[in-house]
Amino acid sequence: MKFRNYPVILLGIILIAAAAAGAQTTAKTISVKGLQKTVTVRRDARSIPYIEAASDADLYFAQGFVTASDRLWQMDFMRRVARGQLSELFGERVLEEDKRWRRMGFSGIAERSMATLDPGLRKALEDYARGVNAYIATLDKSTLPVEFRVLQYEPTPWMATDTLCIGKILAEGLSSTWQQDLIRASIGFLPADKLRDITNNTTPFDLVLYGKDKADAKTLTGGGNSVAAVPESLLKLAERDAELRKSSLERAGFYAEDLAASNNWVISGKRTADGKPLLANDPHLQPAAPNIWYLTHLSTPQNRVAGVTFPGVPGIVLGHNAFIAWGATNVGPDVQDLYRETFNDRGEYKTPAGWEKTIVRTELIKVRKNLLKPETETQTLTVEETRHGPLITDEVGQKWALKWTARDPENQEFEAFFKLNRARDWTEFENALKTYGGASQNFVYAAVKGNIGWYAAGKIPLRRTGDGSVPYDGATNEGDWTGYIPFGELPHLYNPPEGLIVTANQRTVGTDYKYYGIMTRDAANPWRARRIYELLKDRKNVTMDDVRDVQRDVFSRVYKDLADEIVKRGAASPETLAALGGWDGRMTADSKAGLIVNEIRMCVSKKIAEDSKIPEWVARERLLYWVVKENSARWLPKSFNNYAELLKSCDESARKSLSDPKRFGADETKWRWGAQFAANFQHPLALAPLIGEQFKMRFTNVDGSPLTPNVGPYVSMRLIADPGNWDATRHVIPLGESGDPQSPFWKDQFELWRTGTPAIFPFTKAAVEKSATDVTLLK
């Protein structure tokens, strides 16, 4: 039996099994070169693979083989993104995105990282690559995934370094902050009181887990940085770079706006119904088709682990083994610095030790000439690097270099997860996290022994002077990195007395924390974390259904408070006041009030930003929640006498915009929040003529918003793990396991994800065997 016929056979077997409920599943056999012993692959009703092998070598080989059978084109696409090779498929339209990735040099960094890896992980990467390539060898031009056939190319062999490159997409999505350094440097013209307002990220709603707030701590910008004013032209260039970054990450499904990406929490057994801890996690990323996560169960005689991973990555990234469960949310510390470099007429740059030559490398980029044909031409990109990193621009008469933890070959993303897969207790959990070099994460922990914990892990640099909040003069040593925050000094908790730990990208450390500014400068607002905490803090006998309901909560304090202010002041039309007057603050898909108040909020933010010449997101996220309520005179736009006038003006603008036939039209019964905040699962080929329709998926019935625990379409997966009963674990992704739009498993999980219907992910051998609807033996 040839593997290229496997998808058709699989579908047939599943249909037969469904028709003959209770009939025993008959195993089929596939011969595969490269295995030492037979591997059993079971599939359940969602087509989740449960891979059982006699050794790690066979396990990871089979994982590569099976994952490629479901997601091969997605895997190829993601490695091309990180390596800057999309122009070979899509031509000039993505060339600038490729150049951006090439400047970072991640292909070379991945090669150098291989020498620093734990030997076990290196072997796993190599075995996984062998498995992927064994699957590729079963294909011919007629059986390749549809995207390869449409774009008229074939996959090259998978390499271990391809996995490491995918890790750099995570780093780009979750730790890229240099544009904020420029913004901070550019707002020095503001009056002192305004500057304090926008650099102070403490609020009355903060959920601090580690340390306490000091009464006199107000701002996050430290001294010691020594660069002159940032030119307007550089700010414009940074805006263009941000647009390139966004479009590139959106293609890969890794875009996280403002780095605000995820909720997690752990609850002690003293608070739960079964007396064992509960762990919840839902990462927030760009909706994508297929989803960036892939559900997998892996077992050998030595270990059993289940959860999600990224297609192209061996092992499990987030999930549980037989002893512990773990989840993650983004921390958002400052791990990038900009340096203005000084050059002489010989092309040398200035350092504290004198003039030095740059390191020059040449990148050859293949660019498709015609989207309908595979022929390419080669373009050359010359990249210069100083002691700090690559020059990201010299288009404005100044040359700026970027230093970033992700460019250190010793900082890689996956060794920690490899060790977490095998961790049995808190000590082994900590030891695994000591090796973590990816975008800093809030890792939460729950164990069968009843313990819970949290560790904010990652490599967070310390500077010789200053805190990296604004750019440095590269000719001095002021911005030199002197090391990282010691692991033992990173924020963490173990069995806190309250029995509850919540993280949602908020500021988790108090202002008395030694490294406060570096750790929290770009943290998200506290709204999601505070709401989750309020829902759980007084609850006893918590069940998995209770946790599910918190994950799906759509109440927004921010939207409700603004609506109440508008109603209290009568600062809107009678129609708007009627819609907002009885509103409960819940951002459901059918909410008219939610749609209107969001439109007004965006308008008010824009007017404040334009008047004070600050970025719109700063006005929206740092100011708006309090300036209206407190009638702050210094932030009221000069063209208005009071905030009631401003709100009325924005209500008029909002209603005019919403009534536009190109948006919702005059019929207000069609004004629905879900149509604005739609779940649009993007596939790179969805806009392609003729063939793109099969990849399109857009839903307007998804509840949630960016400021509620449930962020709607941006929930990239949901996990609820119960160490008291692993077989009750609930784990779901938005669409399905398959990357084939013609497969029944392309979007079969959508309703489970949307409605919160329990999606059980069995774990023990007996439960796995009982759930199997298909069994394949790889020999």
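A residue counts as buried when its relative accessible area is under 20%. That cut-off applies throughout this tour of a predicted model.

Start at helix 10, which spans residues 192-199. Its buried residues are Lys 194, Asp 197, Ile 198 and Thr 199. What do the buried residues of helix 10 pack against? They pack against helix 19 and helix 20.

Now follow helix 10 to helix 20, residues 616-627. The two helices pack at an angle of about 100°, and their axes are 9 Å apart. An angle from 65 to 115 degrees counts as roughly perpendicular. Helix 10 and helix 20 are therefore roughly perpendicular to each other. Which residues meet here? Helix 10 brings Asp 197, Ile 198 and Thr 199. Helix 20 brings Val 618, Arg 622, Leu 623 and Trp 626. By class, the contact of helix 10 with helix 20 has four nonpolar, one polar and two charged residues.

Helix 19 and helix 20 pack at an angle of about 110°, with 9 Å between their axes. That makes helix 19 roughly perpendicular to helix 20. On the side of helix 19, the residues in the contact are Arg 601, Met 602, Val 604, Ser 605, Lys 606, Ile 608 and Ala 609. They meet Glu 616, Ala 619, Arg 620, Glu 621, Leu 623, Leu 624 and Val 627 in helix 20. Sorted by class, the contact of helix 19 with helix 20 has eight nonpolar, one polar and five charged residues. Leu 623 meets helix 10, and Leu 623 also meets helix 19.

How many of the twelve residues of helix 20 are buried? Nine are, so helix 20 is largely enclosed by the rest of the structure. The buried residues are Val 618, Ala 619, Arg 620, Glu 621, Arg 622, Leu 623, Leu 624, Trp 626 and Val 627.

Turn next to the aromatic rings. A pair of aromatic rings is described by the distance of the centres and the angle of the planes. Rings count as a pair if their centres lie within 6.5 Å, and the model has 34 aromatic pairs by this rule. One of them joins Phe 429 and Tyr 445. Their centres are 4.8 Å apart, with 50° between the planes, and the pair is tilted. This pair links distant parts of the chain, 16 residues apart. Phe 429 is in helix 13 (residues 426-433), and Tyr 445 is in strand 17 (residues 441-447). Elsewhere, a lysine sits over a ring: Lys 403 lies over the face of Trp 481, at 4.9 Å from the ring centre.

The loops come next. Leu 117 is in the loop between helix 5 (106-114) and helix 6 (119-136). Leu 117 is buried, with a relative accessible area of 5%. How far is Leu 117 from Glu 410? They are 293 residues apart in sequence, yet 8.1 Å apart in space, C-alpha to C-alpha. Setting aside neighbours within four places in sequence, Leu 117 contacts Arg 122, Leu 125, Leu 164, Gln 412 and Glu 415.

Some loops hold backbone details. Pro 290 is in the loop between strand 5 (278-282) and strand 6 (294-299). The peptide bond from Ala 289 to Pro 290 is cis, with omega near -5°.

Two asparagines have positive phi values. Asn 495 has phi of about 50°. It is in the loop between strand 22 (492-494) and strand 23 (500-503). Asn 495 is partly exposed, at 34% relative accessibility. Asn 505 has phi near 70°. Its place is the loop between strand 23 and helix 14 (516-520). Asn 505 is buried, with a relative accessible area of 2%.

Conventions:
Residues are numbered from 1 along each chain as its sequence is written. This is a predicted model: local features need pLDDT of at least 70, side-chain atom pairs count only at pLDDT 80 or more; totals for chains, interfaces and linings use all residues. Side-chain values use heavy atoms; hydrogens and water are left out. Axes are lines fitted to C-alpha atoms, for helices over the stretch in contact, and angles run from 0 to 180 degrees between N-to-C directions. Helices (H or I, at least four residues) and strands (E, at least two) are DSSP runs, numbered from the N terminus. Angles under 35 degrees count as roughly parallel, over 145 as roughly antiparallel, 65 to 115 as roughly perpendicular and the rest as oblique. Contact means heavy atoms within 4.5 Å. Ala, Val, Leu, Ile, Met, Phe, Trp, Tyr, Cys and Pro count as nonpolar, Asp, Glu, Lys and Arg as charged, and the others, Gly among them, as polar. Rings of Phe, Tyr and Trp (its six-membered ring) pair if their centres lie within 6.5 Å; planes under 30 degrees apart count as stacked, over 60 as edge-to-face and the rest as tilted. A charge sits over a ring if NZ of Lys or CZ of Arg is within 6 Å of the ring centre and within 35 degrees of the ring normal. Buried means under 20% relative accessible area, exposed over 50%, partly exposed in between (1.4 Å probe, protein chains only).
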